[in-house]
Every structure is written in C-alpha cells, then in structure tokens.
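Open the model in your viewer and keep the sequence panel beside it. The tour below gives one selection at a time and says what is found there.

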Amino acid sequence: VGTLRNQLDVPVTCKIRVCDDAPRTIELARTLQDAGCSLLTVHGRTIAQKGRETGAVDWAAIARVKQAVSIPVLANGGIESAADMARCIEQTGCDGVMVAEAALENPAIWEGGATGAAPEALALEYLAIRDEGHHADLNSTKQHLFTMCYAGLQVHTDLRDRLHKAREIDEMYQIMRELNERPRQAAGPFCNAPPGSADVYTSWYNRHRWEWW
C-alpha cells in the first residue's frame, strides 16, 4: 500500500474483513491508514465466514474501526435493501456502504428494492434495457439472469436447464416470461423462510443461509 501511494497519482483504497478479535482489526486498519490508504472498506465478517459458514455480519466491529481511524470508511456486509443501507450507516457511523452480491441479484436495490423481490420481472426489464443498445455478450446476459432468478430456477429446474442451453435472446425472453407465470413455492426442504410464508424462495443472496424447517 505504501509503495502504491508513493508511486501513483490516484488515491489508494483498501478492503478488509474483520479479524477474530477487535484489537487486531483496529491495528490492521491503522496500519493501512499510516501506509497511505485513502479510503477503507470493512466487511463485517471474518475470513472464515464464507459459503455455508457465512453467518451474521458484525456491524459493531465495523463501527469500532470507523472510530479508530480518520480516513473515510465504507461498511460492507448484510445489505439486502435500501433500508438496510440507511440502518447500517446509522449503526456504524460509516461514510457509506458497499453492496456486492445483493446488487447482482437485484440491481433495483438502489431504487429501494430488496433481494428476492420480483426477480422475474426485473430480469425481463434487464433484457429490455439490453435491447435498447446496452449490449452485453450472451454469456454475461445469461449469468445475470441466473443470478437474478436463482430462487425460481432452483424450483423450476426444467426452465433452468432450458436457460443453460439457450443461445438466443428470444429464447431467454420466453424462459423468463414462463418463469414469471409459474407459482412461487419452496425449493424442497431447504429454504430461508418458514413453511406457509408468502415468499419461500431461497434468494441468491441468502443461498448460503438455508435453515432446516
């Protein structure tokens, strides 16, 4: 970080995860600041908290880092909606938030949308925007559709297989329309909501947080 700071004409930013104990995290943050980091993003989970071990995010740990340094700090982790962004900033005192997987699932999160909300309709809107001249290659387009509609495609596996094999945009449109018309239901015994819930799809963002009911 120090070498980059001394050799570049642009600011150097860093992103870290919290350590297992608060003093180590604060020491790391201050070391980066002293080395020339201009902005620090802190993910409120440890390096071990990935995949099925993701677990809850620790916003309090992020708040302690914010209080310990003088450079701008962004909070990362646990953001599923615009309301979460405001709540996170309030609880951590950070200068902003970084959103990653939640935005991949639902780009409308910036307009107040939440993960798991109307993914099929959002996918159709995405395809329409693509048709307006914002061209992406077919593989990238397909990957976005798989991410946005992950929940429904885990239930309606026939449509998932068809999307995997699709080679034309018109095919993708048709699959998304059919998915939008299918009933919402649980993806087998694993889901992120209790039985009887109005929305028991397992969203992309919550795919590692399944609970056994």
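Predicted model: local features only at pLDDT ≥ 70, side-chain atom pairs only at ≥ 80, totals over all residues.

Select Leu159 first. Not counting residues up to four places away in sequence, Leu159 touches Leu153, Ile175, Glu178, Leu179 and Arg182, where contact means heavy atoms within 4.5 Å. Leu159 sits in helix H9, residues 157–165. Helices here are DSSP runs of H or I with at least four residues, strands are runs of E with at least two, and both are numbered from the N terminus. Leu159 counts as buried because its relative accessibility is 0%; buried means under 20% relative accessible area, exposed over 50%, and partly exposed in between, computed with a 1.4 Å probe on protein chains only.

Residues are numbered from 1 along each chain as its sequence is written, and side-chain values use heavy atoms, with hydrogens and water left out.

Stay in helix H9 and select Arg162, which also has its place there. Is Arg162 buried or partly exposed? Its relative accessibility is 35%, so Arg162 counts as partly exposed. Beyond its neighbours within four places in sequence, Arg162 is in contact with Gln174, Ile175 and Glu178.

Next, show helix H10, residues 169–181, together with H6: the two pack at an angle of about 160 degrees, with their axes 9 Å apart. Axes are lines fitted to C-alpha atoms, for helices over the stretch in contact, and angles run from 0 to 180 degrees between N-to-C directions. H6 and H10 are therefore roughly antiparallel to each other. Angles under 35 degrees count as roughly parallel, over 145 as roughly antiparallel, 65 to 115 as roughly perpendicular and the rest as oblique. The H6 and H10 crossing is left-handed, a term used if the near helix is turned anticlockwise from the far one by less than a right angle, with right-handed used if clockwise. To display the contact, select on the H6 side Glu120, Ala121, Ala123, Leu124, Leu127, Ala128, Arg130 and Asp131, and on the H10 side Ile169, Met172, Tyr173, Met176, Arg177, Leu179 and Asn180. Sorted by class, the contact of H6 with H10 has 10 nonpolar, one polar and four charged residues. Ala, Val, Leu, Ile, Met, Phe, Trp, Tyr, Cys and Pro count as nonpolar, Asp, Glu, Lys and Arg as charged, and the others, Gly among them, as polar.

The crossing of H6 and H7 is right-handed. On H6, pick Pro119, Leu122, Ala123, Tyr126, Leu127 and Arg130, which meet Leu138, Ser140, Thr141, His144, Leu145 and Met148 in H7. The residues in the contact of H6 with H7 comprise eight nonpolar, three polar and one charged.

Now move to helix H3 (residues 59–68) and helix H4 (residues 82–92), whose axes lie 8 Å apart at an angle of about 50 degrees. That makes H3 oblique to H4. Trp59, Ile62, Ala63 and Lys66 from H3 meet Asp84, Arg87, Cys88, Gln91 and Thr92 from H4. Four nonpolar, two polar and three charged residues make up the contact of H3 with H4.

Select Thr25 in helix H2, residues 22–35. Thr25 is buried, with a relative accessible area of 3%. Leaving out residues up to four places away in sequence, Thr25 touches Val18, Cys19 and Val65.

Finish with the cysteines. How many disulfides does the structure hold? The structure holds zero disulfides, a disulfide being a pair of cysteine sulfur atoms within 2.5 Å. Cys14 is in no disulfide, and the nearest cysteine sulfur, that of Cys37, is 3.7 Å away. The sulfur of Cys37 is too far from that of Cys14 for a bond. Cys14 counts as buried at 12% relative accessibility, and Cys37 counts as buried at 3%.
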